[in-house]
Structure formats: structure tokens, C-alpha cells
Amino acid sequence: MVLSLRSASRKIWQTLSSIKTGVVLIILVVIFSAAGTVILQRPMTDADDMQRAYAPAMLRFLDVTGLTDIFHTRWFVGLLILVSLSIIAASVQRFPNAWRYFARPYKSPDEGFRKVLPTQAQIPVANEEQGLSAAERAFKHLGLKTERIVRTDSFSLFSERSRISELAVYIVHASLLLIFLGFIVDSLYGWRGFLMLSPGTASNQIEMKNGTMRTIPFAIRCDGTGEETYADGSPKRWWSKLAVVKEGREVSSKEIVVNDPLVYQGLRFYQASYGRTGKLDQLILNATPANGTKGTPQEISLAMNQTVALDADTSVQLVEFIPDYVVQDGRVYARSKDVVNPAVHMIVTSKKAHSSVNVWLPEIPGINENASSPYTFDPKDLKTGVFTGLEVSHEPGQWAVWAGVVLIAIGLTLVFYVVHMRFWVVPVVDARGRTVLWIGGTANRNRDAFELKFKSVVEQIQKELKPAVAASTGVQATSISGTSVSGTTIAGR
Amino acid sequence: MASEKVEQHPATGTTLVVMVGLGMAFLLFIAFLNVVKSGNILSEANLLYAALVFYAGAGALYLGFGVTGTDAYIKFASLMTWAGLLANTGAVAHRWYEAGHPPFASIYEMLLSFVWTLAALTLIAEKRYGVKVIGTVTMPVAIVGVILMQLLPSEVRPLVPALQSTWLHVHVTLAMLAYAACALSFALAMMFLIQDQVKTELFLAATSIFTVGIYAAVLTRFEKWGGLNVIAWDAENKTEVFISRGVRLFVTIPDLGWLMLLVFAAVLAPLLLYILSRVKRNEGLLAVADRAVFISILLQSLALVFFLLRVRGGQYPSLDADGLYATSLAASPFILSALVGGIFANLLYLLLLWRRADLERLLPDADALDRITYKTICIAFPLLTLMIAAGAYWANRAWGSYWNWDPKETWAAITWLVYAGYLHMRITRGWRGRRAAYFAILGFAVVMFTFFGVTYLLPGLHAYA
């Protein structure tokens with residue numbers, strides 16, 4: 001029983017770590033995410049639109065299977081977790097081998113290895129020491145470091161470059177897992193909401209996507225917001241001055257614009273929208289005394305419910321602002337919150353006469369008493385309130401994502417552009433009893449470019465040897481074999 | 001007289017060079033007269049016109065090379081490409097200076113940069129890798145690109161707040177480079193298949209499937225009783241007409257839908273004939289299929305001409321609003337490029353059908369093409385990764401979240417996964433040659449869908465491009 005359990009778990013492990021499983025999982029992810037872009041998705045699409053688009057039975061099926069919100073269903077998240085597990089399993093299974101390769105480089109090649117290495121060459125030399133030191137000079141000339149490997153019965157030369165490249169694939173896979181981790185953390189602990197503020201107001205209540213409210217441990221105060229437009233009227237810039245208020249004290253402040261949010265304690269506040277509230281901010285009008293032939297007009301400014309003295313006796317108070325008014329059955333109603341057809345209601349009070357008069361602008365027959373007002377009013381400017389819409393997001397996992405992105409960039413650079421190349425130089429005695437320098441090399445990728453590099457190494461060694469060789473034998477017998485297995489010297493070529 | 005000369009000395013190729021030279025001199029003279037009239041030499045329009053003239057000359061010479069294999073053309077062709085690239089660089093620089101931001105903000109600016117990239121890549125592929133015939137394919141694309149630019153609204157538009165970010169430029173530049181590398185790997189994979197003795201009729205099937213896909217996508221805009229829906233265009237403000245925020249107004253061009261349906265049938269015919277010939281093992285049907293391709297090219301050209309005429313003139317009713325509205329080519333860039341792309345793909349097939357032996361002689365050998373394809377994808381993949389990362393970073397700053405599962409994002413991820421699959425199969429499973437080439441072609445198909453298909457069929461947050 002224990003044995004079968006072990007074999008079962010081994011089987012699962014093997015299945016998980018196989019490249020075939022990985023590819024099947026990737027294909028499944030591709031199919032389902034493609035489906036998610038074709039089938040209308042729930043939070044983005046209105047319920048009405050969904051009902052219009054699909055038949056009731058179909059919609060029920062889609063809802064039950066989660067196909068209307070694929071990217072947040074458990075089975076899709078489960079699929080992504082399976083992909084992560086497959087990456088982990090595949091990496092864990094292959095990593096020890098690569099690590100051994102990395103940690104214990106093969107420095108002194110034995111005869112079997114020398115026989116089968118595809119890229120190799122042989123150069124006749126006078127003696128071992130002369131050949132090896134020439135090779136050392138050659139590598140140094142080409143900017144490669146060398147190491148003398150001394151064994152009991154032999155000594156040889158080893159040179160390599162960018163061994164880290166052997167581990168590059170694992171760096172890429174690890175960074176992918178890091179990105180996934182950040183993503184999972186965010187889908188579990190992250191949240192997004194909305195906050196609407198008018199200048200001068202503050203709030204710590206965030207409206208979540210599902211309509212509930214969330215209280216954050218500090219308040220955000222809006223100290224101003226505005227819009228700038230281009231000459232053609234299209235928006236150029238939206239900005240908001242925000243301050244973070246904690247226990248009654250302002251602890252941080254920033255002017256945010258689109259693309260430049262405010263960050264405080266892991267919460268980010270983005271400029272998402274901007275608009276008019278339909279509430280009156282300031283009304284500017286000219287007031288002229290009605291009785292008397294020609295009084296001088298005075299400019300006054302009124303805010304909501306504000307009272308302003310017009311002279312020693314008379315004062316005016318703004319009591320009502322209707323952004324889009326309509327009159328029905330002798331009463332004034334608001335049709336909408338858009339400032340398209342505004343009306344204001346003011347009360348002009350005279351202390352002496354103990355009278356108060358309802359003044360409406362514009363005049364609304366049957367309701368206003370403008371005629372009996374001691375002043376006539378002439379509206380100059382109307383400033384309505386503005387609001388700024390802030391997206392609030394909390395993404396604790398995003399640092400893992402960005403770290404993963406940086407790491408993946410490094411990893412991919414290593415994978416594709418950094419080649420691990422190794423060279424060995426071993427003095428051997430060939431079949432005819434001559435001392436030759438056996439030179440071999442490998443690269444883990446981009447082999448055709450490596451062949452050229454190898455060629456230049458061999459040529460450089462020959463150049464370093466030349467005076468000695470010319471003096472001793474005068475034979476230029478060298479072979480550079482690119483792909484053939486046998487790298488024996490062909491004399492007299 | 002000239003044609004006689006060509007027949008007498010087909011190998012020297014002087015005639016074509018002289019003819020192209022004379023044609024270009026004529027066009028440049030006309031342009032010079034215009035410049036004298038307007039008095040402004042180095043305007044963007046003039047630079048673009050010069051680029052068009054040079055690219056057209058280069059395209060003619062490259063085509064001449066592709067068809068006859070005369071090496072003498074290449075020298076002049078690449079000279080022309082250099083000149084065109086120079087003028088194009090001037091236009092890009094002018095645009096950049098005028099707008100104050102790199103030219104990626106509208107479809108016009110994207111095309112401007114795309115054509116530049118294409119010309120530069122052509123020269124690189126030719127000089128560095130010795131793929132001389134590539135200009136035969138890329139130059140016509142560049143010419144179509146420049147002509148499309150003349151039709152699109154070109155004034156410098158201010159950037160809306162969400163686009164005012166350095167990350168936009170990083171993101172789009174990377175996307176441009178990545179997609180160009182993907183396109184190159186696709187072209188190389190196709191050349192590999194030609195060199196790998198893949199039967200010509202398979203290319204017929206591939207071309208037909210591509211064209212059928214195009215017309216199927218166009219027919220998603222088919223409106224009942226034969227109309228074709230296109231987006232309405234406000235000529236005064238040079239913008240699409242919106243009903244509400246983000247919802248565009250569609251107008252119905254009557255009868256154009258029927259024509260598209262007819263062309264759909266015409267492009268389906270070669271595919272059906274091909275399938276029939278495979279099922280019945282009847283080679284004779286393939287000859288019929290080739291003839292059907294020829295007919296379908298004629299019908300496609302007809303559809304393009306009618307589309308151009310109907311869209312450029314006339315007012316059309318809409319289902320969603322009262323009154324008549326105008327439309328413009330600028331409002332339907334995707335349909336336009338789809339129609340042009342379909343014709344182009346079929347013409348390339350004809351080139352292959354008639355000149356296969358010459359092409360095989362001109363192209364590098366299969367092994368080299370296989371290797372270069374892989375190397376190109378090795379360049380494309382990191383660029384794709386960084387493009388997605390830069391986009392995510394920008395989205396995080398602009399919308400508050402680095403990943404929204406928006407269709408464009410999702411399809412970018414799918415593209416990435418497909419190329420990741422290619423690399424795994426190639427590196428760990430040793431996939432070489434034909435299977436790898438098919439995979440590279442699939443990758444580019446997904447890229448094309450992400451770039452065109454998603455914008456046209458699956459609108460989302462990514463409304464800018």
C-alpha cells in the first residue's frame with residue numbers, strides 16, 4: 001500500500017514535470033483566456049446587455065460554469081496554479097543536473113570526451129610546456145581567462161566564459177513564479193474602489209466595486225481640482241490636490257494627475273474622472289436699487305445659504321439652486337443634475353419693513369415676487385461645484401510582479417544573448433607519436449557563431465606558436481573540424 | 001519598343017532600371033512643380049511624397065528582381081530604399097518635432113513609424129543576412145502603407161491625459177519592434193517552406209484560409225438586406241461619430257454587403273476546390289483552383305474599388321440614429337487594410353505559382369532560413385515580454401491596475417504563450433524545420449489577430465490602437 005502510494009505520487013510528479021503536461025496546460029490557458037475575450041464578461045458588461053446577448057438557458061449555463069467571469073473563477077485560478085506547479089516541478093526535476101554542471105565545471109576532459117567532442121582541432125607542438133604557454137598567451141590576447149589544471153599524470157588548460165548562462169532558464173522560470181505569486185497575492189488580498197470628493201471635503205469611505213463601503217485608516221481631503229483643455233476643447237489635463245489626514249493632522253499631500261497617482265501606506269489614489277456636481281459654488285450678480293431713479297449697481301458674490309448685506313437695512317440670502325429647472329403646477333422642480341437650465345432662489349429681507357421677498361432668477365411667473373423687491377438683480381457669473389473621481393487600489397503583490405519583470409528581463413537576456421563557452425587545451429601524443437595540442441570547445445547556444453570564435457582561437461594559438469614551430473618542424477599540419485567527430489590531424493594537407 | 005528590348009536582353013536589366021528611373025524623374029518633376037507653387041520644400045507631405053516615389057521605384061525593381069532574378073536590379077533597388085528611408089526619416093523627425101512626442105499616437109503616426117521600420121528591416125535583412133528577395137514582399141507593403149497614410153487624417157492631435165506618459169512611448173516602441181520581428185520571422189518561415197519543397201497547393205490553401213478569414217471578419221458587419229456597416233465620420237471635426245462615450249455610430253452602406261458576400265464566395269471557391277482535390281485525389285482540380293484564385297483577385301479588386309468609391313462619397317442612414325451621415329476611409333482603416341492585405345496575399349501566391357523555380361534559386365538555403373527564423377524569434381520574444389511589462393506598468397499608473405484581463409492584454413499574453421511554446425518545443429524537443437516553421441506562422445497569425453482582430457472585433461479599454 002505504501003509502495004503503491006509512493007509510486008502513484010511519483011507518477012503524478014513525473015506527469016507534472018513533463019514538458020507535455022506543460023504544453024497541454026498552456027494550450028488550455030490559451031483556449032480559456034481566448035474564450036474570455038469573446039464571451040461577454042460579467043463585471044464589465046451590464047446585466048441588461050448580457051440578457052440581450054444570450055438566450056436565458058444559455059446565460060444560465062454560462063453563469064453556472066463561470067464562463068461569464070472566467071478570469072475570476074476558481075477553476076481558471078486553479079489552472080494557473082497548475083501551470084505554476086508544472087513550472088516548479090519541471091524546474092525542480094531538471095535543476096540538480098544544471099546545478100551540478102554549474103557548480104562543478106568539467107575542467108579536464110578525458111579521452112572518451114575528447115573523441116566525441118564535435119568542435120576540436122590539433123596543432124603539433126615541440127613540447128607540452130611550449131604549447132600550453134602559447135595557448136595561454138593566445139587566450140589572453142582574445143580576452144579569455146585561463147586556468148591550469150594539474151592532475152597527477154597530466155596537466156591541461158581550461159577556459160570558459162559566462163557560466164551563469166546555464167542557469168538562465170531557471171532565472172526566467174523563477175521570475176515567472178514571482179510574477180504569478182504577486183498576481184495571486186493581489187487577487188486574494190488586493191481590492192479596488194472609488195472615492196468621489198469635492199474641493200474642501202474629506203472622506204475615509206471607499207465605495208467598492210460591489211457597492212459596499214470600506215473604511216480606510218486615514219482620510220483623503222481634496223484641496224482643489226480642475227481641468228485644462230486644448231484650444232479645440234479636448235481635455236489636456238485633469239488634476240487634484242489631495243492631502244492625507246490622519247488623526248486630524250495632515251501627514252502627506254500631492255497634486256495628482258492622470259498617470260501620476262498619490263501613494264500612501266500601500267493605497268494608491270488615481271485621477272480617474274472629473275466633473276461637475278450640479279451644486280452651486282458661487283453666484284456673482286449685480287444688485288441695483290429698484291426705487292430711486294438710477295442707483296449704482298454693486299457686484300456681490302453669494303454662496304449657498306450665504307447672506308450678504310446690500311445696504312444698512314437690506315440683505316439678500318441665497319436659498320435654492322436648481323441646475324435644470326422645470327415649472328409644473330405652480331412649483332419648481334429639478335429635471336436633472338446637469339447645469340443646463342439653472343434657476344436660483346434668493347430671499348431679500350428688509351429689517352425695517354419686516355418683509356422678506358422671494359426673488360427668482362430667471363423670473364418665474366406666478367412664483368416670484370421680483371417686482372416687490374427693493375433691488376433688481378442681474379446675474380453675471382455662475383460657478384458650479386466640481387468633483388474629482390479617484391480610483392483607489394490596494395495591490396500588495398505588485399512588488400513581486402515588478403521584481404519578477406526585472407528578473408525576467410535579466411533572465412531572457414542571459415538565455416538568448418549570453419553564451420556559455422568552454423575551451424580545453426590538452427597536450428597529447430597522437431597516433432604517430434608526435435606531441436600535439438588538442439583543442440576542444442563547446443557553446444550552449446548559437447553554435448555557428450561559436451565555430452567562428454573557435455577558429456579564431458585556434459588561429460591565434462598557431463600565431464603564438466609560429467616562430468617555435470617554424471624552427472622545429474616546419475610542418476603546418478592543422479585541421480579544424482567543424483562537425484565531424486574525428487578530429488585527427490590530416491598531415492600534408 | 002521597350003518591351004522588345006527586354007526580350008532581347010533579359011539578363012542585363014538595364015531597361016527596367018532606365019524605365020523606373022525615368023518614371024521617378026517624372027514624378028519628382030511633378031512634385032517639384034508643386035513645391036515651387038507652395039514654396040515649402042521640407043514639409044512632411046513633401047517628404048512623404050518623396051519617400052513614396054523612392055519606395056515605388058525600389059518596389060518595382062525588387063519585383064523585377066523577384067520575377068526575373070536579375071542581380072543588377074538589387075543595387076539600384078537598395079539605393080532607392082536608402083533614399084526612401086532618408087525621406088521617411090525626415091518625415092518622422094518633422095512629425096516628432098511638430099507634435100512634440102514620438103509618432104505613435106494615431107493610426108497615421110503608427111503607419112509612419114511602421115513603414116520606416118519596414119524599410120530599415122529590409123535593408124538589414126538584405127545587407128546583413130543576404131535575403132535579397134525580401135524587398136519584393138516588404139516594399140509593396142511599404143507603398144500601400146504610405147498610400148494609406150494619404151487617406152488618413154494627418155493633423156497633429158493633442159494627446160488625451162491617459163496617453164501623456166513616457167511609458168506609452170516605451171510600450172509602443174517595443175510593440176512596434178516586437179511585431180516587426182514577428183513579421184520578419186513569419187516571412188522567413190514562409191521562405192523556409194518554399195525552400196523545403198512544401199507543395200505549392202499548400203500555400204494555396206493557406207492563402208485561401210487567410211483571405212476567407214478576412215472576408216468572414218468583414219462580413220461580421222453585414223447588415224440585413226445587403227448592407228455593410230461602417231463607422232460614421234464627422235468630416236468637420238475629423239473624428240468618428242460617437243453616440244455616447246466610447247460607442248461609435250455605425251452607418252449602413254446599402255448593397256455593399258452583397259458584394260462582400262459574393263467576394264466571400266469567390267475566395268472560398270479555391271479553398272473548396274483544394275479540399276475537393278485532396279478528397280478525390282484529383283490533381284486536375286488544382287488547376288481549376290488556381291484559376292479561381294485569379295478570378296477571386298479580380299473580384300477582390302472590384303470590392304476594393306467599390307468600397308473606396310462608396311465610402312468616399314455619399315451619405316448613409318443609420319439604424320441607431322435619424323438622418324444621414326457621411327463616412328470616410330479614415331473611419332474604416334481595418335476594413336481597408338484587410339481588403340488590401342487579401343489582394344496582396346493572393347498576388348504573392350501567384351508569384352510563387354509562376355516563379356517558384358526562380359524563387360528557390362534566389363533564396364538562402366533551407367537550413368540557413370530555419371536558423372534565421374529561430375534567431376528572429378529569439379529577438380522578438382524578449383521584446384514581446386518587455387512590451388507587455390511596459391504596458392502593464394503604464395496601465396498601473398493610468399488605471400490603477402497592472403492587469404485588467406482586457407481583450408488586448410489577454411491576447412498579448414496568448415501571443416507570448418504561443419512563442420513560449422515555440423521556444424520550448426525547439427529547445428527541449430528539438431523541433432526544427434517544417435514543424436517549427438508552422439509554429440512560427442501560427443505565432444504571427446496570433447500577432448495579427450492581437451493587432452487588428454482584437455481592435456476590430458473585440459473592443460475594450462485599449463481604444464487607442
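This is a predicted model: local features need pLDDT of at least 70, side-chain atom pairs count only at pLDDT 80 or more; totals for chains, interfaces and linings use all residues.
## Exercises on helix packing and chain contact

Residues are numbered from 1 along each chain as its sequence is written, while chains are lettered from A and ligands numbered from 1 in the order in which they are written.

**Exercise 1.** Describe how α2(A) and α13(B) cross, and list the residues that meet.

Solution. 
- Step 1: α13(B) is residues 407-428 of chain B, and its axis comes within 10 Å of that of α2(A), crossing at roughly 160 degrees. Axes are lines fitted to C-alpha atoms, for helices over the stretch in contact, and angles run from 0 to 180 degrees between N-to-C directions. Helices (H or I, at least four residues) and strands (E, at least two) are DSSP runs, numbered from the N terminus.
- Step 2: The crossing is left-handed, meaning that the near helix is turned anticlockwise from the far one by less than a right angle; clockwise would be right-handed.
- Step 3: From α2(A), the residues that meet α13(B) include A:Ile19, A:Val23 and A:Ile26. Among their partners in α13(B) are B:Trp411, B:Ile414 and B:Leu417. Residues are in contact if their C-beta atoms, placed from the backbone, lie within 7 Å.
- Step 4: The contact of α2(A) with α13(B) has 11 nonpolar, seven polar and no charged residues. Here Ala, Val, Leu, Ile, Met, Phe, Trp, Tyr, Cys and Pro count as nonpolar, Asp, Glu, Lys and Arg as charged, and the others, Gly among them, as polar.

**Exercise 2.** How many residues of chain A are in contact with chain B, and which element supplies the largest share?

Solution. 
- Step 1: 35 residues of chain A are in contact with 29 residues of chain B.
- Step 2: α2 (19-38), β7 (235-246), β10 (267-289), β18 (375-394) and α9 (398-417) of chain A each give at least two residues to this side.
- Step 3: The largest share, 10 residues, comes from α2(A).
- Step 4: By type, the side of chain A that touches chain B has 21 nonpolar, eight polar and six charged residues.

**Exercise 3.** At what angle do α5(A) and α8(A) pack, and which residues make the contact?

Solution. 
- Step 1: α5 (residues 74-103) and α8 (residues 168-189) of chain A pack at about 155 degrees, with their axes 10 Å apart.
- Step 2: α5(A) is therefore roughly antiparallel to α8(A).
- Step 3: Their crossing is left-handed.
- Step 4: Among the contact residues are A:Leu80, A:Ile87 and A:Phe95 of α5(A), with A:Tyr170, A:Leu176 and A:Phe180 of α8(A).
- Step 5: The contact of α5(A) with α8(A) holds nine nonpolar, three polar and no charged residues.

**Exercise 4.** Is chain A compact or spread out?

Solution. 
- Step 1: Chain A has 10 helices and 21 strands.
- Step 2: The radius of gyration of chain A is 41 Å, well over the 23 Å that the globule rule gives for 493 residues, so chain A is more spread out than a compact globule. This radius is taken over C-alpha atoms, and the globule rule is 2.2 Å times the number of residues to the power 0.38.
- Step 3: Along the principal axes, the C-alpha atoms of chain A fill a box of roughly 135 × 65 × 45 Å.

Note on methods: Angles under 35 degrees count as roughly parallel, over 145 as roughly antiparallel, 65 to 115 as roughly perpendicular and the rest as oblique. Two residues are in contact if their C-beta atoms, placed from the backbone, lie within 7 Å.
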